[in-house]
Structures are given as structure tokens and as C-alpha cells.
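Subject: Handover of a structure and notes on its features

Dear colleague,

Please find below the structure that I am handing over to you.

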Amino acid sequence: MSDLIKKLHKAVLEGNLEVAQTTVQKAIEENISVDEILNDGLVAAMSEVGCLFENGDYFVPEMLISAKTMQACLSALQPYLSSSTVKSPGKVVIGTVHGDLHDIGKNLVCMMLEGAGFEVKDLGIDVDAEKFITQIKEEKPQIVAFSAMLTTTMPYMKTIIDELNMSGARPAVKVMIGGAPVTSQFADSIGADGYAANASQVVSLAKQLIAS
Amino acid sequence: MNSRERALTALNHQEPDKVPVDLGSTIVTTITRTAYDNLRAYLNMEPDTSVSISHRQMDTVYPREDLLTRYEVDFRPAYLQGPWYFKTQELDGDMFIDEYQLKWKKASYYYDVIGRPLDAAESVGDVTRIMKWPDPYDPGRIQGVRERALEFSQKTNFLVVADIMCLGPFEGACFLRGYEKFLTDLHWNPALAEAILDKILEIDIQLWDVFLGQVGDLVDVVAQGDDLGTQRSLYISPKMLRRFIMPRLKKLYDFIHSKTKAKVFMHSCGSVYDAIPDLIEAGVEVLNPVQRSAAKMDIVTLKQEFGKELSFWGGGIDVQQVLPYATLQQIEEEVKKTLDIMAPGGGYVFVPSHNIQADVTPDRIDKMYETVLKLR
């Protein structure tokens, strides 16, 4: 790994926006491959951020500044991505379910998925079954993800899955769910394909679901 | 023992004749309107047509005396009124703007923040330039407040609680600035973060100055909230908490202690185990809601490690994972287990681990309270 990529990796890990941005520019100018910048610099750093969060060394603020640093670098790389050989691990359509306006956890999930190279279509908050189904048909993601923060909105996750079944869209996607009151037992009981307890576990879950 | 003696004995870490029971003395130890209406119908009580809403956003009520009497509730609330200078701005689509200029929108049962007055703040100066802050000394706030508290403190034996009425510094900053922005500010713009926290603290102290000026000699507990925990951990690291939050909470609680002999009750949802020693040092004497379903919030550990210094007010039954789903028998067992762990040596007030939500059936609520009354 070149010194520049090491520097970029460290800057993302520490949420050092300025250093990360100048380093990405320099790496592009020095013709380091987009693949290497993305995977060895950004994705690898965000994966480490996930581990640090999982271990309790990082908290939400550290995860946020790393993710925002990564996003800025990703935008700088955007013009070069289409001409590169980089392949996204998959596409995820995500939203907080109808009746629920909470989005801190869901937004962290989006950032971690982007940080792992996924293409993410965020439908926002208070999303009903119809919108999920329309977007699944349009975006053709491999995964659809629902979040709920309240015990009173959790049951709507089952409504969406039932409507997905009826619409015929269910077989084409894997469903993963999460949110503070949600458990893996609940996920099983409503017929979801997977549950993740936090934003860091989501990445491995998504990869696992796509591989299965 | 009467209610007040019972509660004070428990809060002074001695074992009272019975475990004190709460329902409705604060906006975080009460019941939502839907669950309340269902419960009244189930108990064949007449509908409460003039129901008193204690917190609009959480859709909670101050339950009526008949219900409090039935469940032998030992506490009654004192609360501040709204100001005269500001009227809540009602907007189309079930939205409103409050005194802090937070824009709330209703979805299902609750309101959540969708517009934040400090969203566009960039510098310290913006904190007072782009946002108009509440006027704590508006005379409307104290109308009838002392008289109502006197009714309870002189004519009844209930312990009076000064209810939560202002934003906690951390949670308030997250609301006013937006969670993502404020949590990012802690690293990238700490001066702005501190300026927001300081302004909230200033208003909080002034509001408590006003409130305790009215009821400081009549209340035995002062309730204040600041949600520091998530389901799995603290929002921010203990190091960050010590830098940004704890000194300000200490300032607030020192001020409260300077105005009243009442004990400081702090509400924080989520996993706050790692912050407890710091909270005790900051002056917290009572912890609520004891969210047992969050990480590291096992009540055996909490009681063992902190039970001598800290009283627990909550955790009677978990409202997130247990109360909405448990069988009546499980509820009975759970209440018994809680009392066995928490009651010895005092330092415990029974109430579920947060407001009873709309999805809890009335038979479950009644079973919980009937079991406590039988076993306490």
C-alpha cells in the first residue's frame, strides 16, 4: 500500500476531513487507481471504524466524522468511478417505516453501507409499503431495509412484508430490519431475512444476504 | 407510614413499610392517552373527558385521582405553566412549533422533531443570532403553581415531585441543532457545541430558579431529564461526556440543590451504566427509567454496584421488550423478581421503565399494579 493510501486510511479513521480531501486529490493526481483509493483507503478504513464501534472504542460522534469524511472523499472520486473497474457489492433501498420519524440509526446504517461500497437509496422517514414496493420495482435492489424505533411502529414491518408478498416483489429482494426495540426473534417471526443490532453489523449482514 | 414518609424513607436508603409506587408524577413515569383510556374502560371507570395532557409530544396524561387512589400511588406532580408571551404555533398536517422553535410533526401516536432552529448555525454568534430563546421569567409560567402544590403538600400526605419542564443540555442540543450535526460538532466545531450547551444550561437554570422559587419548599424530589444513552451504549464516549456534559449537569444540579432540599431525580433512557459514577458525582440521587432492555442495565448489577448511593425509580417492568408482550403470569413473575432484587434496603420506587405505551393492553397494566400492591 502506498504512503498516500495509508495516509488517507488514517485520515478517514480519525475523521480528519481536510487531510483526507487533500490526500484523495493527490492520489488522483498521482494516478493511483480508483480501485485502490476506494478499497484500500476508504472502504478498509470504514470497516475498521465499524470494528471500533462494535468494540465500544468508537461512539456515534466518531462514527459520524469518519463517515462524513469518507462521503466527501467518495464525492471527489465520483467522476472517476464510472470509468474504473470498481464493482459495488450491491444496492440497498432503505427507510424508516410508516408512523415513525426517527432516523439517526437509519442514517448511520446508510453511511456504513456506503462506506462498504454499497449503492444506497434512502427513502427517508415515515415510508409506507406502497412506496417501498414502487421503489423496489424501480431501483431493483438486492436488499430492502426497514427501521423502526417504536414498539408501536414495529408491527408495520410485517405489513410491508405481507404487501411485498402480495405484490409479487418479495422473491427479488432480501429483507433486513433493525431499530432499537427490534430483535432477531421478531425478524424471524415476521419473515424477514435478517436482523442487525447496529450500523456496523449491517454491513456483514448485507454481504451475507447477497451471497446467500 | 403515610405516602410521603414511605417515599422519603426509601429515597434515604432505608426500607419502608411498603415499596413506594408511582404513576403520573412526572412526564416520564406515566401513561399514554390511548393506554389510559383503555385502562379506564377496562376498570369500569367513567371516561376522563377532561383529560390533562402532561406532554403533548409523548401523548402522556396526568391520570385522574380515582385511578391514582386505586393503585395507591404515593406521589403527585407539581408543574410549571406555559408562558404568556408565546403561543404554540399550530400548522397544517398535525405539526406545531414550540417555544424553542422546534417544529414537531405527528406520526402515529407521537410527535417528533422535523425542524430545528440551529440547523444552519455555523459559529458561536449564531447561537443567539439565528434563534430566539425562551423567556424563563415570563409571569404566565407561575400562575397557580404554588397554590396547586400547596394543595398536595398541606392537605395530603403525598410526596410532591417537581416535574421535568426543560430540555436537558445534551438532548436539548441534539434537538435544537440536529443529532448528526451536534454529535459532529463535538469533534469538528467544539466551540459551537459548547455555546449551544451553555445557552441551554443558562435557560434551564433560570427556569428552575422560577419553578423552585414557587415550590422549592414544597417538593421532595426535582425531576430533570437528559437522554444520554442508546440501546447499546452511551451516545458519546465517557471521555467526551466528562468534557462536554458532566460539568454542565453538575452546575445545573448544584443550582437545584442550592434552591431546595429536594432530591435530584435524573431521567436518561438507554444504556447509561458507564456514566453512573459521574452522574452520582454530578449530584444525581435518583435514576430513572432504568431501561433494563438496554445494554449493561441489568438491575442486579445496578443495585449491587450503586444501590447504596443511588435510588432507582423505574425498571419495574421493561416497556420495550416485556410489558407489551408478556402473559399475565409472566408479568406477575417479573414484578415479584423486580421487588426481590430492588426493594431490600430501600432506594427503590416502583414504576415501569418509561411511560406505558399505547400498545400495552389494560389487563397487563392492571396485573402489574395489582401485583405490586399485593407484594410490596
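The notes concern a predicted model, and I begin with a pair of helices in chain A. Helix H3 (residues 34–54) of chain A packs against helix H4 (residues 60–81) of chain A at an angle of about 165°, and their axes are 11 Å apart. That angle makes H3(A) roughly antiparallel to H4(A), and the crossing of the two helices is left-handed. On the H3(A) side the contact is made by A:Val34, A:Ile37, A:Leu38, A:Leu42, A:Met46, A:Val49 and A:Phe53. On the H4(A) side it is made by A:Met63, A:Ser66, A:Met70, A:Cys73, A:Leu74, A:Leu77, A:Tyr80 and A:Leu81. By class, the contact of H3(A) with H4(A) comprises 14 nonpolar residues, one polar residue and no charged residues.

Between them, 13 residues of domain 1 of chain A are in contact with ten residues of domain 2 of chain A. On the domain 1 side that touches domain 2, H3 and H4 of chain A each supply at least two residues. H3(A) gives the most to that side, with eight residues.

As to the chain as a whole, chain A contains nine helices and five strands. Read along the sequence, these elements of chain A follow the pattern α-α-α-α-β-α-β-α-β-α-β-α-β-α. The C-alpha atoms of chain A fill a box of roughly 55 × 35 × 30 Å along the principal axes. A compact globule of 212 residues would have a radius of gyration near 17 Å, and the 18 Å of chain A agrees with this.

One backbone detail in chain A deserves a note. A:Asp126 has a positive phi, near 55°, although it is a residue other than glycine. A:Asp126 is placed in the loop between strand E2 (119–122) and helix H6 (129–139) of chain A.

I turn next to the interface of the two chains. Here 26 residues of chain B are in contact with 22 residues of chain A. By class, the side of chain B that touches chain A has 13 nonpolar, eight polar and five charged residues.

Within chain B, the axes of helix H2 (residues 33–42) and helix H13 (residues 362–375) come within 9 Å and cross at roughly 75°. H2(B) is therefore roughly perpendicular to H13(B). In this contact, B:Ala35, B:Asn38, B:Leu39 and B:Tyr42 of H2(B) meet B:Pro362, B:Asp363, B:Ile365 and B:Asp366 of H13(B). The classes represented are five nonpolar, one polar and two charged residues.

Finally, chain B has a cis peptide bond from B:Asn288 to B:Pro289, with omega near 5°. B:Pro289 lies in the loop between strand E12 (286–288) and helix H11 (299–306) of chain B.

With kind regards

Methods
Residues are numbered from 1 along each chain as its sequence is written. Chains are lettered from A and ligands numbered from 1 in the order in which they are written. This is a predicted model: local features need pLDDT of at least 70, side-chain atom pairs count only at pLDDT 80 or more; totals for chains, interfaces and linings use all residues. Two residues are in contact if their C-beta atoms, placed from the backbone, lie within 7 Å. Ala, Val, Leu, Ile, Met, Phe, Trp, Tyr, Cys and Pro count as nonpolar, Asp, Glu, Lys and Arg as charged, and the others, Gly among them, as polar. Axes are lines fitted to C-alpha atoms, for helices over the stretch in contact, and angles run from 0 to 180 degrees between N-to-C directions. Helices (H or I, at least four residues) and strands (E, at least two) are DSSP runs, numbered from the N terminus. Angles under 35 degrees count as roughly parallel, over 145 as roughly antiparallel, 65 to 115 as roughly perpendicular and the rest as oblique. A crossing is left-handed if the near helix is turned anticlockwise from the far one by less than a right angle, and right-handed if clockwise. The radius of gyration is taken over C-alpha atoms; the globule rule is 2.2 Å times the number of residues to the power 0.38.
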